[in-house]
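This briefing sets out the overall architecture of one protein chain and then turns to two of its residues. Please consult the sequence and the structure alongside the text.

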Amino acid sequence: YWQHRFDWRAQEARLNAFPQFKVALDGIELHFLHVEGKGPKPYPLLLSHGWPGSVFEFMDIIPRLTDPARFGGDAADAFTVVAPSLPGYGLSFAPGQKRFSIEMIADCFASLMTDVLGYQRFAAQGGDWGAFITSRLGAVHADKLLGIHLNLLAVRRDAKMLNNPSEEERDFIAKLEHWLKEETGYQWIQGTRPQTLAFGLSDSPAGLAAWIVEKFRAWSDCNGDVESVFSRDHLLANICLYWFTGAIGSSFWPYYARMHSPWPIPDGGVGVPTGYAAFPREILSPPRSVAERMYTNIQRWSVMPKGGHFAAMEQPQALAREITEFFRPLRT
């Protein structure tokens with residue numbers, strides 16, 4: 001299908017319908033979407049994607065955030081959305097450029113929002129690595145943040161959870177142990193031998209598609225049928241952005257940095273107002289008692305009826321609603 005029927009130009013046009021820019025920042029050319037909101041006072045919102053995603057994750061959610069009135073919402077809730085390609089990903093990659101850790105990406109995005117675009121304060125949202133970036137922003141750039149909204153929580157095992165667990169925490173520990181045993185092979189190879197894998201995936205489009213689509217199948221709310229949630233065209237648009245730019249190897253770097261660096265969220269945790277949408281097929285969903293040890297100012301915790309790890313693609317209407325409702329009272 002990719003070779004004979006897929007229409008890349010149609011997907012390219014879909015991306016190009018949004019205003020896009022590049023800026024020289026932190027030693028690279030950073031690519032980002034900058035979509036003005038349609039309302040009386042749109043608030044700046046940074047959207048951060050993860051791996052193996054891209055800005056193609058946001059095609060359906062951006063209009064709902066920038067033009068809520070078009071979808072039956074209130075124009076007063078409009079955001080101006082800034083959605084960068086992570087450094088080393090897609091159009092934020094060039095051969096030979098330096099690699100970025102999560103800590104470096106967060107600093108880069110803070111500079112983009114404040115120094116380049118002139119937003120002294122902004123809202124931020126993310127899942128996957130985007131959740132780590134957003135959490136890091138909330139921890140070390142709190143003065144710039146209105147608040148953060150997440151659909152993945154950057155938590156880790158701690159002594160309190162292990163030594164005296166509640167029933168909810170025991171259930172989470174069991175799921176975490178299963179995840180670590182059965183689902184983290186990709187993390188270990190990407191975090192320890194990224195170049196070896198990169199050669200293979202950069203040489204084989206079938207290999208690249210298999211490596212990426214397996215994650216969309218395993219991590220989404222699709223009951224094993226990936227095309228029941230994502231169209232082939234949407235999956236291939238995302239894969240093509242890795243293939244055409246040759247960026248799969250550099251996209252692994254946050255895993256390498258994570259494996260060889262301290263935990264990216266400081267010990268003091270995240271104190272800015274925090275909202276969380278718990279989608280049922282997220283890869284890991286810690287109980288609130290665990291989350292609150294890292295996020296000390298959780299103001300909204302929503303258990304979602306459907307959806308998984310790629311919430312912006314799977315459930316754009318539901319996620320847009322959660323983002324809107326969380327940030328609405330913080331704007332005043």
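**A buried phenylalanine and its setting**

Phe 252 counts as buried because its relative accessibility is 0%, below the 20% under which a residue is classed as buried. The model under discussion is predicted.

**Phe 252**

- In the chain, Phe 252 occupies the loop between α11 (248–251) and α12 (253–259).
- Leaving aside residues up to four places away in sequence, Phe 252 is in contact with Trp 51, Gln 190, Pro 194, Leu 197, Ala 198, Leu 201 and Trp 211.
- Phe 252 and Arg 99 are 153 residues apart along the chain, and their C-alpha atoms are separated by 9.5 Å.

**Lys 98**

- The loop between β4 (79–84) and α3 (102–116) holds Lys 98.
- Lys 98 has a relative accessibility of 41% and therefore counts as partly exposed, the class that lies between the 20% limit for buried and the 50% limit for exposed.
- When residues up to four places away in sequence are set aside, Lys 98 touches Asp 26, Ile 28 and Met 104.
- With Asp 26 there is also a polar approach: a polar atom of the Lys 98 side chain lies 3.0 Å from the backbone oxygen of Asp 26.
- From His 4, Lys 98 is 94 residues away in sequence and 36 Å away in space, C-alpha to C-alpha.

**Fold and dimensions**

- The protein chain comprises 15 helices and 8 strands.
- Its radius of gyration is 19 Å, close to the 20 Å given by the globule rule for 332 residues, so the chain is as compact as a globular protein of that length.
- Along the principal axes, the C-alpha atoms of the protein chain fill a box of roughly 55 × 50 × 40 Å.
- Of the contacts between residues at least 6 apart in sequence, 78% join residues at least 24 apart.

**Burial, surface and charge**

- Among the 332 residues of the protein chain, 56% count as buried, and Phe 252 is one of the buried residues.
- The protein chain exposes about 14,100 Å², of which carbon and sulfur atoms supply 50%.
- The protein chain carries 32 positive and 35 negative charges, and the mean positions of these two sets are 1 Å apart.

Conventions:
Residues numbered from 1 in each chain as written. Predicted model: local features only at pLDDT ≥ 70, side-chain atom pairs only at ≥ 80, totals over all residues. Heavy atoms only, no water. Helix = DSSP H or I, 4+ residues; strand = E, 2+ residues; numbered from the N terminus. Rg over C-alpha atoms; globule rule 2.2 N^0.38 Å. Buried < 20%, exposed > 50% of the residue type's maximum accessible area, 1.4 Å probe, protein only. Contact = heavy atoms within 4.5 Å. Areas by Shrake-Rupley, 256 points an atom, 1.4 Å probe, with all protein chains shown as cover. Lys, Arg positive; Asp, Glu negative; His and termini not counted. Charge placed at Lys NZ, Arg CZ, Asp CG, Glu CD. Polar contact = N/O pair within 3.5 Å; in protein donor to acceptor, adjacent residues only side chain to side chain.
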